[in-house]
Every structure is written in C-alpha cells, then in structure tokens.
Amino acid sequence: MKFKIKGSLYDNKYLAKLLKRIVLISFIVLLVVLFNYQAINGSYYLKRAENNYVRAIPLYSLRGSIFDRNGTALARDQASFNLAVFPYQIKNKKNLLFEKLAKELGISEKTIHKNYKKNISGYFSPTNIVFDVSKEIALALKEKHPKSLLVNPAPQRKYLMPLSFAHILGYVKEASSLQSQFKEYGYKPLERIGIYGIEQYYDSYLQGQDGGDLVEVDVSGNVVGFLGRKKPVSGNDVFLTIDSKIQEIAKNSLAKKRGSIILIGSDSGKIIALYSSPSFDPNLFIKGSNLAPLYKNQFSPLFNRATQGTFPIGSLIKPLLAIAGLEKGKIKPETTFDCKGRLTLGNNIFRCSGSHGVQNLEQALAHSCNIYFYNLGLILGPKTISRWLKMFDLDSKTFIDIPYEKKGFVPTPKWKKEKFKQSWYSGDTLNLSIGQGYLHTTPLAITIAINAIANGGYLVEPTLLKKIGEEKAVYHFKESMDVGQKNLNIVKNGLCKTVSKNSGTARILKNLSLGICGKTGTAQTSGKPHGWFVGFFPAQKPKYTVSIFLERGGSSHQALRILYDFLNNLKQNNLIEVE
Amino acid sequence: MPYLKKITRELSGLKTITLSVILLNLISIISLYSSLHQQGQFVGETLLSKQITWIVASWLVFIIFNYINYRLYYNLAFFIYAFSLVLIGAVYFIGYEAMGAQRWLSFGGLTFQPSELAKIAIIIIMAWFLSHPPVNSFLKSFFLPFSFVGLSALMILKQPDLGTAMLVVLIAFGMGLFSKINKKYFIWVLIFVLIAAPFSWGMLKSYQQKRLTTFINPNIDPLGSGYTIIQSKIAIGSGQLFGKGFLAGTQNQFNFLPERHTDFIFTVIAEEWGFLGSLFILLIYWLIIKKVFDKLKKIRDPFAYYLTLGIGIYFFLHVFINIGMTLGVFPVVGLPLIFISYGGSHLMSTFILLGIFFNISRNYK
C-alpha cells in the first residue's frame, strides 16, 4: 500500500538540489583542507613524520688524553653515568618523579627541574636530568623507575692532578655543537670544547668526532629498525714537555704562597714545570659544581700568574741593562762606580741596599748594586734602555701554547708624554734602571729574556708540546739577539757570582752544588714587595733555566728559600740531570 | 538463478549505491588490515575476522530490512523510540565500560552500542512528527518533537558520549530545517542559545568548565596538547599527493596514531594513499549521498520523505564530521567513519538505514 498525497505539497526537487549543493560544498571544503595538507604542505608534514620516527642516538667520541713527558696521564675521559628521561614518557608524573629522585639522591629538586629545562630538546629525545652518578646508584635507580628513567653513559673529562695542572690544562665545557648532522632530527648534541690551557690551544687535535646511530622508533621509543651508523672517532692524545713529578714539587714548594715557578730547557724553551699559585680544581667545572667561591676568591685562583700576570721585576733588569751597556760600548767589564749607599739627583735621594764601595760590573751584579746601575742607566739614557728591553721582548708575548697570554710593558719618554703630559725625568730613568716604576712584565717573559743570557743569545719560544699522537713537535722558534758572545759571557759570569760569591745575593743556593747562576729581584709595590729569582744551571753549559716569583712575598730572600727547597727536592729525587 | 535475477531487478536504479557500499566494505577491510599492523607485524587477526563477520551479518540484516515495508516504522515509531531509551538506560545498569565511557550492552557474546540504535529511533520519530501537517504553534510543531530528541540526547550525553548526542541533535535539526516547520522557531532557538551560552558558561565552576573543554576535546592535555590531532595531521599531510603506499605509512606502522582502526581510519587511508586516495573516498561517499537525496524528488509520502531526508543527513554528517575531525577542522568527538571504521554497532545501524532506504526506493521508482 502506498500513501500518496495528491498534489505537490513539497517542492522536493528544489530541496534535493539544495541538499546536494550543501553536501558538495562541504566535501569541497574538506578537499581544499586535504589539498592544503597533502599537496601544498605535504613535504613539511613528511619531514615531521620522519622526525617522529627517525631518531639519532649519539655515540660519544673520546677526547684525546693529555700526558706528561714520561707518559703519565694528566687528563682523560672516563665513563660517567647520567640519568635521563624521555619527556613524553613522564609527562603526567614529572613532578612526582623528580621529587622522589631528589630524595633518593639527596640533591635539590630544583636542580633536577633546572637540568630538565636546560637539556630538553624534544618530546621524544632523551633529556639528562642528573649528571655523573656512580654506576651502582644509576642502576639501582633505573630498577626503581624502570619506565621513566634512562641510564645515559657519557664520557666525562677527569683531571688526575687537578691542582698542579689547572692553569696548564684548562678544562672542557659543553656547548651546542655547530657541525652536527643530527640537528635535523631534532637532536641538539652537546660538544665538549676546551676552555683555557692546552685543552683550548690543542682543542682541534684533542676533539674526537661524535658518531651516532640513526634508528626507527615507535611511539614508545622502542627501537624497531636500524638505518645506519656513523662511528665515533677518538681525538688525538697530546704529550707535554712537562714533568708531572717536577710540577707536583713546584706546587708543593709554593704551597699556600702566591706566585709562580717556571722551569724550562735553556736551549729549547721546552717547559718542564710551570705552576701558578693559588690553583683550582678544574674537575669542579666538569661536574657543574658551584663555582661562586672560585670567582669570588680575592686571590684569583683562576688567574695564571706565570703568563697572565704582569709585575714590576726589580733587579732582574740589571743583567739586561748590563748587556745593553756592554754592547753599546758605554761600559767595559772593568768600568767601576763607587757605591756610597745613595745617589742624590736634584732634591731626591736614590738608595742602594748597602754601601758597596767601588764596584765593577761583576761585583755589581753579584751584589745587585743599585748605584752602579743608576749610573749605567743615566749613561745609556731612557731611549736606549727601552729599546734594549724591547729587544729582550719584555713588551711582547712569548707565544707559549697557553691561550690568553698577557704582554708586559716597557715605558718610553714618548709614551710618558702622551699618557701623562709630562716629560721623562732623570728620576724615571733611575727607577727604570732598577726595574721599578712603569715597567712590568710576566714572570714567563722575564724568564725567557734572562734565558737568552744562558743559551748564548737566543730568545726561545716556550712550548709545552712534546708530541700529538705519534707526531713529534718541531722546535725551531728561536730568535738570535745578535749579542756578542763575549759580552754575554761577562754578564753570565757576573750572574754566577751572585751564588758563588760569599757576598752574593743568592749565596744560599750555593749549597745545592748545581752551579746555579742568576739574579735576585725585590720589586717595590704599594704593599709588601714582590720577591724574584731567575737563574740557570749548570754554569758552564746551562741546561735549565728556572724562575720563581712571589707575589707580595716580602723580598727575594723568601723566594730564594722556596727555590732552594724546590731545587733540592728535584736533586734528591734525581729529577734533573746533575753533572 | 531466479533469485539472482530478482535481486538484480530489485536493485535496478540502486546499483550505484550497492556497488559503492561494496567498494567501501573492501576499502574497510584493506585499511583495517593496514591499521592493525605494528612495526610490520599484523596483530589484528581477531579484530579483522570479527569485522568481516559484522560486514556479512550487516548485509543479511540489510536484506531483511530491504523487505520490511517502511510504513511499519510509522506505526511503531513511539515503540521504537521508547525501546531505544530503555536500552540506553540499561547501559547504566548492565552495560560495561570501554575507554572511559559506558556505551556498550552485551547480549551473549555480542556487544552493542544502544546509542547507535537511538540515531535510527530519532530519524523515525522525527519523520513521524514532521509527516503530520504543520500547525502554527511553537509548542506543537517545534517544542514537542525536539523534546523527544532532547531527552534522547541527554541520556546519550550521560554515558558520556558527546559525539553521538550532538549528532542526534544535528540530524533532528537538519530534518526540521527541510520540513514545513516555521523557520522562525529555529531562529528563536538559535538566538536563545547564543544569549544563554555565555551566561551559563559563567555560572559554571572552573573545574566544570575545564571538564567541559576536555569533554569537547579529550585530547587537550598540558604536555602533548592535541596530540592525536597533531599526529593525525602529520600523517595525512605526509601522505602527500600519492601516498606512502599500502602498509608503508610510518605514522600508522610505528603506532603514532591513536584510535586509528576506529575513529581515525581515514588518517590511515590518507597517509598510505595520499590526496588521490582521499579524493576517491570522498567521491564514493558523494555518490551514495547524492543518490539518497536524488530520491527525494520522487517520494510522495511525507513519512518516507522525512525518513530518506534523515538517512541522507545521517550519512552526510558522519562523513563530514569524521573526516573534518581527522583534519582538525572539528573537535575530536567519537564518531566513526561509516562503512569503513572498525565497529559492529554503527555498521549494523548504517546498513539498517540503508535497508530502510532501499525499501522506500522500491516503493517510489
């Protein structure tokens, strides 16, 4: 049966058409959206799909180790265990998990949150939250939170003689890598970069190349396929010219005093020991410990006094002045000046440490007679003195392979005029002649300058590098000063008398029977004076050049006492060749 | 083969729909097969065979309904409506929970969603009301039928199943809009809702508001906000023009798509078959819906007219909202893609509606 209604109550045709049109328009809207996603932005979404399932798992490379000249390890990579999480896995229980972890590890919850925020690089990327826990603790925690935690082993830099080598080695720091090909997979790797010291200077050799596995993962982060591997390449080992035993003794000799000890090979400029006190523990930088005390310390332990500190050098200038005088023919070895303990210039009185009487050059050096060098200075004049000090490179860098070296300063009349709008007075010349006033230089620079007297007139370029991997370092940076050997020997002999002569300023070193020659220095400061000694031994054919600097140490006597202990220790332990 | 001849004769004029539905069934099986893979492993033997069983059963039910004269529903309209309410109510007492919502009833081994039946019941009861000559009274011609719809929708909402509740209301509204009900009533209601909504929103406590927003979009979560939608968009977009190929959808295979064999099956198809595949699917649905609405021109019985209208709107809204949802155009509400998504209840009701439509068609050739 059919229930037909007569006539056309409804305009069905029109309604059907309208309905179809609505459907058609709706579907076209869907097609436009689809076209936008699939055709116009298709490649963008394809990339995102790949990011979803392709994951880079880093394979860390080992950074090259650093050894001393005898193969003793100074810095090397060790396995450390970090705790990481996958952000998406802990999205609902993050706070609770961090709270528990903080309790279990005895660290602050804040630190964990901070690390999480700092290291999160993607929803599906492992994010380190706790660093450097012991293997046992890491595994125990993993067992407690198997679904949330990931033990993420990574190499960590370890400094084995941290205090002795802090200034020489520097440390490493994690920084975002610039070169990684994993970036496009949302993984921002961290690279360890050398900061300061050998770690920075030879960074390109020490640095390895990180590798990685490209894998396919499912939504739970389970690896379901392997796409490829780039093997990590280890960095090169670096061998230093330093003798770690001597370095250690240098550290112990200076103990709590401020200053530096430098021991180099006289001919080669190879550095056998270079220690700046106070020092610091570079491992603190690796562990991310609180560094504020280090930065706030009033004695600036981070500062390398041997290469970055410039100080007045006092009487250490005298042998350099002597060379200038002899070379310029202004004095002869037998030229004498009469020391009555003081020299009057206008209204000013310039003093000597004693009343030495008539002094020739040799005696003047042995006694460190100021009067002799006041007179020599006045004869030479400031311009000549400055020129000769510059010839000894006191105002330039030594180009040691430790970054951030500072250069010293040699004043000139011209400089004074420009700087202070004042003329250069004779008093300035007198001050300069005994290493006071505006002149200042690094302990290393003055060591290299006096070393030139020991090795026959060569300014060596100091270096710490023995070899990289199997490549031996080449030493050829040696600059001749063109100073007559005769004059050099005259000054050298004078320096030997400071020790060998019973009235010599460094006579206490005589007991060592090392044949040491050298010069003491006491540099006046606004506070306690700096104490200096730079010397070389054995006298006939110097092998070693040694220097000690005591910052506000009182006088050269304190410096000599420490140096005596240092050298005595080396001798007792057969660490230096003795004739 | 007299039977076959009879069937083909009876299907004449409905060939397009029949073939289209068969095609969708095949697409359903193929895409379910793909969506039930994990990392190259087929893990859904039970689900797939279950679905094939449902398809076969649905075809049988379809043939039965094809022979039931549609006027029967006119007489049984209130009974069917009441029955659907009873079943929805029964869910609270004997239904079981899945995915945080009580929607299923179990008869023996067969689970069934009564809210699917409610969609059919609403189409029938609306057709019943609308087929009566309209009176110029808001209460009688608008309020009365829509209070039946509202009651049903509220009960579905309680399950909670916002998607179906909304769909029931939308189907009823759609049918009403194409009826003789005075259109100004709709405008009144619309204005009332627009005015009342902000007030009632402000009256809600913040936790209630939050519950409502997550209710509308269950995938809002603080860390992976709209995770499902983001993954769905990535999957669809990465399919590009020609797709990644059968079983080669990485979003699908590596498990990045939740609900991918049910509500997000279209995402799987779009990822593996690209824009061309998506276009093809929409084309088939267009053919079916177009044929249903075309029939309206020939129908002279108001009840049959409104039934057909409801059925067409039902098909259209399911397809439009489901696909729009996978594209992020609509919020994520639990609506299946008819004929393709996994699930027996909606397949059965869709085929029942198809059977009713076929019966009407044979009456108005």
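Of the 579 residues in chain A, 44% are buried, a residue being buried if 20 or more other C-beta atoms, placed from the backbone, lie within 10 Å of its own, exposed if 12 or fewer, and partly exposed in between. This is a predicted model, in which local features need pLDDT of at least 70 and side-chain atom pairs count only at pLDDT 80 or more, while totals for chains, interfaces and linings use all residues. Residues are numbered from 1 along each chain as its sequence is written, with chains lettered from A and ligands numbered from 1 in the order in which they are written.

Chain A contains 21 helices and 23 strands; helices (H or I, at least four residues) and strands (E, at least two) are DSSP runs, numbered from the N terminus. Its mean pLDDT is 88, and 93% of the residues of chain A reach 70 or more, where pLDDT is the predictor's confidence in each residue, from 0 to 100. Two residues are in contact if their C-beta atoms, placed from the backbone, lie within 7 Å. Of the contacts in chain A between residues at least 6 apart in sequence, 70% join residues at least 24 apart.

Helix α15 (residues 370–380) of chain A is worth a look, and so is the backbone on either side. Because 9 of its 11 residues are buried, α15 of chain A is largely enclosed by the rest of the structure. The buried residues of α15(A) are A:N370, A:I371, A:Y372, A:F373, A:Y374, A:N375, A:L376, A:G377 and A:L380. In the loop between α14 (361–367) and α15 of chain A sits A:S368, which has a positive phi of about 55° although it is not a glycine. A:S368 counts as buried, with 26 C-beta neighbours inside 10 Å. After α15(A) comes A:G381, with a positive phi near 85°.

Most residues other than glycine have a negative phi, and most peptide bonds are trans. A:Y196, a residue other than glycine, has a positive phi near 70°. A:Y196 lies in the loop between β7 (190–195) and α7 (197–201) of chain A and is buried, with 22 other C-beta atoms within 10 Å. A cis peptide bond with omega of about 0° joins A:S277 and A:P278; A:P278 is in the loop between β12 (271–277) and α10 (283–287) of chain A. A:F537 and A:P538 are likewise joined by a cis peptide bond, with omega about -10°, and A:P538 lies in the loop between β22 (530–537) and β23 of chain A.

Turning to chain B, there are 14 helices and 5 strands, and 48% of its 365 residues count as buried. Among contacts in chain B between residues at least 6 apart in sequence, 69% join residues at least 24 apart. B:V91, in helix α4 (residues 71–94) of chain B, counts as buried with 24 C-beta neighbours inside 10 Å. The C-alpha atoms of B:V91 and B:P114 are separated by 7.8 Å, although the two residues are 23 apart along the chain.

Two helix pairs illustrate the packing in chain B. Axes are lines fitted to C-alpha atoms, for helices over the stretch in contact, and angles run from 0 to 180 degrees between N-to-C directions. The axes of helix α2 (residues 15–35) and helix α12 (residues 265–295) of chain B come within 10 Å and cross at roughly 160°. That makes α2(B) roughly antiparallel to α12(B); angles under 35 degrees count as roughly parallel, over 145 as roughly antiparallel, 65 to 115 as roughly perpendicular and the rest as oblique. The axes of helix α5 (residues 114–130) and helix α14 (residues 344–363) of chain B come within 8 Å and cross at roughly 20°, which means that α5(B) is roughly parallel to α14(B). Here B:E116, B:L117, B:K119 and B:I120 of α5(B) meet B:S345, B:H346, B:S349, B:I352 and B:L353 of α14(B).
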